[in-house]
Amino acid sequence: MTSGMKIFRTYISYIAALLSAATAVLSCSTGDFVPILDNEPAYHNRSILITGMVSDTYGQPLEDITINFKAYPHDQADASPISSETVYTNSKGTYSIHSDGADLQLLCTITAEDESGTYGIQTQQVIITWKGSSYDTETKTFIVNDCNFLLDRK
């Protein structure tokens, strides 16, 4: 057998080994396997949509107000948030938060804050239960459309 033929057979055996290894790796990654690390909740494609408006006490919309959203496991008061988002109001004073949800009841805090210091701070809480009229079972989204804030001038 020539040395060229030996090299060709060696390459073929390497390619076959790579293909069988790739097949084994791909076969392990199919299915609905979701790793859970320590106390991290399993995510199941659920989401949270919260919209609202921020205005002053006279009803005038407030632009560029910071909206901080944090979601905590409802039964664990001292837990770290499992989800958080920061958004800002637009020129009409409206905002929209879209965040991932976990397969457990959540306590969400939404805080409106004027970073310029002209207006005060206000916080609201929303409990996410994944049932009832606020939960859209088709999109797996918990929807709150009226999380509005009235901020007092300092």
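Start at Ile82. Ile82 is partly exposed, because its relative accessible area is 23%. On the cut-offs: buried means under 20% relative accessible area, exposed means over 50%, and partly exposed lies in between, with a 1.4 Å probe and protein chains only.

A word on the source. This is a predicted model, so local features need pLDDT of at least 70 and side-chain atom pairs count only at pLDDT 80 or more, while totals for chains, interfaces and linings use all residues. Residues are numbered from 1 along each chain as its sequence is written, and side-chain values use heavy atoms, with hydrogens and water left out.

Back to Ile82. It sits in the loop between β2 (66-73) and β3 (83-88). Strands here are DSSP runs of E, at least two residues, numbered from the N terminus. Ile82 and Asp100 lie 18 residues apart in sequence, and 9.1 Å apart in space, C-alpha to C-alpha.

Now the sheet. In what order do the 4 strands run? The order is β3-β2-β5-β6, in an open sheet with antiparallel pairing. Two strands pair if DSSP finds at least two bridges between them. At the edges are β3 and β6 (121-128), and each pairs on one side only. From one strand to the next, the twist averages 15°; axes are lines fitted to C-alpha atoms, and angles run from 0 to 180 degrees between N-to-C directions. Look at β2 and β3: 6 bridges join them, antiparallel. Phe69 stands opposite Glu85 in β3.

Next, charges. How many salt bridges does the structure hold? It holds 1. The rule is a side-chain nitrogen of Lys or Arg within 4 Å of a carboxyl oxygen of Asp or Glu. Arg46 bridges to Asp103, with the closest N and O atoms 3.2 Å apart. That links distant parts of the chain: Arg46 is in strand β1 (residues 46-56), and Asp103, 57 residues apart from it, is in the loop between β4 and β5 (106-113). Asp103 is partly exposed, since its relative accessible area is 39%.

Last, the aromatics. Rings of Phe, Tyr and Trp (its six-membered ring) pair if their centres lie within 6.5 Å; planes under 30 degrees apart are stacked, over 60 edge-to-face, the rest tilted. That gives 3 aromatic pairs. Tyr95 and Phe149 are tilted, because their planes stand at 45°, with centres 6.3 Å apart. Both Tyr95 and Phe149 are buried. Trp130 and Tyr135 pair edge-to-face, at 5.7 Å and 80°. Trp130 and Tyr135 are buried too. With Phe142, Trp130 and Tyr135 form one aromatic cluster.
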